Amino acid sequence: MAERILIFDTTLRDGEQSPGYSMNTREKLELARQLARLGVDIMEAGFPVASEDDFEAVKAVAQQLRGGPIIAGLARAKDIDIDRAWEALKHAERPRIHTFIATSEIHLKYKLKCSPEEVLEATVAAVKRAKGYTADVEFSPEDAHRTDQEFLCRVVEAAIKAGATTINIPDTVGYGVPWEFGERIRNLMNRVPGIERVVVSAHCHNDLGLAVANSLEAVRAGARQVECTINGIGERAGNAALEELVMSLRTRRDFLGFDTNIRTEEIYRTSKLLQSITGVNVQPNKAIVGGNAFAHEAGIHQHGVLQKPMTYEIMTPESVGVPKSRLILGKHSGRHAFKKRLAELGVELTEEDLGKAFVRFKALCDLKKEVFDEDLLALVEDEVLSAGETYALEHLQFTGGTNIIPTATVRLRIGGEVVQESGWGDGPVDAAYKAIDLATKIPGKLLEYQIRAVTAGKDAMGEVTVVAEMNGQRVVGRGSSTDVIEASARAYLNAINRVAARGGSGARTLPDTTP
Ligand code: KIV
Ligand code: ZN
């Protein structure tokens with residue numbers, strides 16, 4: 001059997017901390033459960049000291065995930081961070097504290113404003129403090145790839161002596177090229193006493209588009225853990241994409257000789273879930289999970305694939321869980337069949353949410369001749385998104401056309417009360433948003449608006465994603481319906497509900513960065 005490479009997922013930390021990807025605790029928990037189904041070995045749930053919201057999210061993941069991955073929390077090499085990380089992680093079945101400090105000359109000089117000796121001291125103190133809480137301690141010398149080799153060896157050796165069990169080597173700014181990054185890992189493997197006792201890990205950013213290649217080189221040089229994110233999200237150009245790393249190792253096991261514990265059939269669903277939570281879609285040509293990743297347009301390719309898929313397909317869509325566009329249920333299907341199909345698609349709902357989704361499914365069957373898996377997923381997502389909402393859409397009416405003033409009236413249920421307002425605008429969507437602003441008293445500034453058809457056909461459901469600024473926060477909302485104005489209103493209301501659920505400003509406040 002091929003040796004296993006540990007998959008350390010940092011979607012909820014390095015991914016989530018980048019602009020446009022923020023998630024609330026409920027969303028993080030939902031994604032964490034899916035990451036556990038995917039089979040990641042370690043899940044970095046957040047950076048507890050960064051904000052109250054981060055702390056609560058890490059705590060919730062640590063408390064609620066059972067029988068799954070190791071749960072890690074990030075901490076700078078400071079007592080306050082390590083104590084806070086432990087406070088959030090202590091309920092986890094298998095907690096890990098991940099502590100880090102920058103080691104490159106440029107970071108020391110301009111960011112930390114301290115000497116190499118002070119960094120060494122802080123490293124030892126941080127690892128020891130973390131060790132006082134848990135046996136599982138990971139240490140990262142931030143910006144390792146641009147760190148002087150000699151100094152890097154000293155820091156890593158000191159961290160191991162202090163008790164670190166995983167040494168992670170980050171290419172924080174994505175500066176390395178594969179053979180150079182591989183050499184750096186090899187150098188540490190050959191020179192640092194005690195390195196054979198720890199797991200060496202690679203953490204590559206994608207500024208030059210080389211994060212996956214650099215991580216694979218690290219594996220070749222001896223790393224046995226790779227850090228990555230779903231869809232490659234993360235700071236700037238992102239982190240190494242989990243799906244690309246895992247499928248490279250799986251598809252080229254013949255050459256590379258390694259595998260992972262990932263259930264690859266869950267990859268597509270995980271990618272889609274992240275897209276739906278954050279409202280940020282991957283580009284169509286994205287490897288493994290993009291809309292075109294398994295599409296064969298050219299006639300010659302189609303012919304080859306039909307004769308034998310391997311002519312143009314190096315892996316099958318099924319192996320990463322891409323669903324076939326299948327006609328599923330019709331207006332005569334009962335609740336049982338509906339529930340069973342959802343289970344086959346990996347969706348579990350509470351009885352209450354199931355009931356609501358079923359009512360909408362029946363209504364959809366009256367509007368749409370053919371209902372596909374994609375319709376079902378969009379509808380259920382809408383239902384799940386609106387669960388527990390403060391503002392519920394009860395009624396929407398609008399007029400539009402040439403040479404008339406577009407107007408809209410919305411009726412919302414807000415707690416026990418019903419509020420009705422009307423607005424006018426430069427189109428029915430604008431009018432509906434103005435009416436919603438009046439009814440909720442949460443005026444939003446629309447930053448982005450996207451619409452897509454869930455399936456083919458003129459009667460397809462429309463799925464709208466909006467990014468808005470509300471109460472000083474950037475928020476994403478999604479909604480779907482066969483009526484695109486209704487889908488637009490639902491998306492906007494979904495954003496308002498998310499802001500209402502968040503409360504506070506959600507802002508992250510990190511104390512100063514000196515060790
Ligand atoms: O990129 C980086 O250096 C990091 C560390 C905190 C591991 O994310
Ligand atoms: Zn990073």
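How many Å lie between a polar side-chain atom of His 205 and an oxygen atom of ligand 1? I looked it up: the distance is 3.0 Å.

**Ground rules**

I am working with a predicted model, where local features need pLDDT of at least 70, side-chain atom pairs count only at pLDDT 80 or more, and totals for chains, interfaces and linings use all residues. Residues are numbered from 1 along each chain as its sequence is written, chains are lettered from A and ligands numbered from 1 in the order written, and side-chain values use heavy atoms, without hydrogens or water.

**Ligand 1**

I listed the residues around ligand 1 (a heavy atom within 4 Å of it). They are Arg 13, Asp 14, His 98, Phe 100, Ser 140, Glu 142, Asn 168, Pro 170, Thr 172, His 203 and His 205.

I then checked polar contacts (pairs of N or O atoms within 3.5 Å). The side chain of Asp 14 has an N or O atom 3.1 Å from an oxygen atom of ligand 1. His 203 also places a polar side-chain atom 3.1 Å from a ligand 1 oxygen. Taken alone, ligand 1 exposes 260 Å², and the protein buries 95% of that. I note that these areas come from the Shrake-Rupley method with a 1.4 Å probe.

**Zinc**

Which residues coordinate the zinc ion (ligand 2)? I found Asp 14 (OD), His 203 (NE2) and His 205 (NE2), at 2.0 to 2.1 Å. Donors are N, O and S atoms within 2.8 Å of the metal (3.2 Å for Na, K and Ca); water is not among the atoms, so sites may look incomplete. Along the chain the donors follow the spacing D-x188-H-x1-H.

Are these histidines buried or exposed? His 203 is buried at 4% relative accessible area. His 205 is buried too, at 4%. Buried means under 20%, exposed over 50%, and partly exposed in between.

**Salt bridges**

I searched for salt bridges (a Lys or Arg side-chain nitrogen within 4 Å of an Asp or Glu carboxyl oxygen). The whole structure has 35. Side chains of opposite charge can pair when their charged atoms come close.

I looked at Glu 16 with Lys 28, whose closest N and O atoms are 3.8 Å apart. Glu 16 sits in the loop between H1 and helix H2 (25-38), and Lys 28 in helix H2, so the pair ties together parts 12 residues apart in sequence. Glu 16 is buried at 2%, and Lys 28 is buried at 3%.

Next came Arg 250 and Asp 259, at 3.0 Å. Arg 250 is partly exposed at 24%, whereas Asp 259 is buried at 3%.

Key:
Polar contact = N/O pair within 3.5 Å; in protein donor to acceptor, adjacent residues only side chain to side chain. Buried < 20%, exposed > 50% of the residue type's maximum accessible area, 1.4 Å probe, protein only. Helix = DSSP H or I, 4+ residues; strand = E, 2+ residues; numbered from the N terminus.
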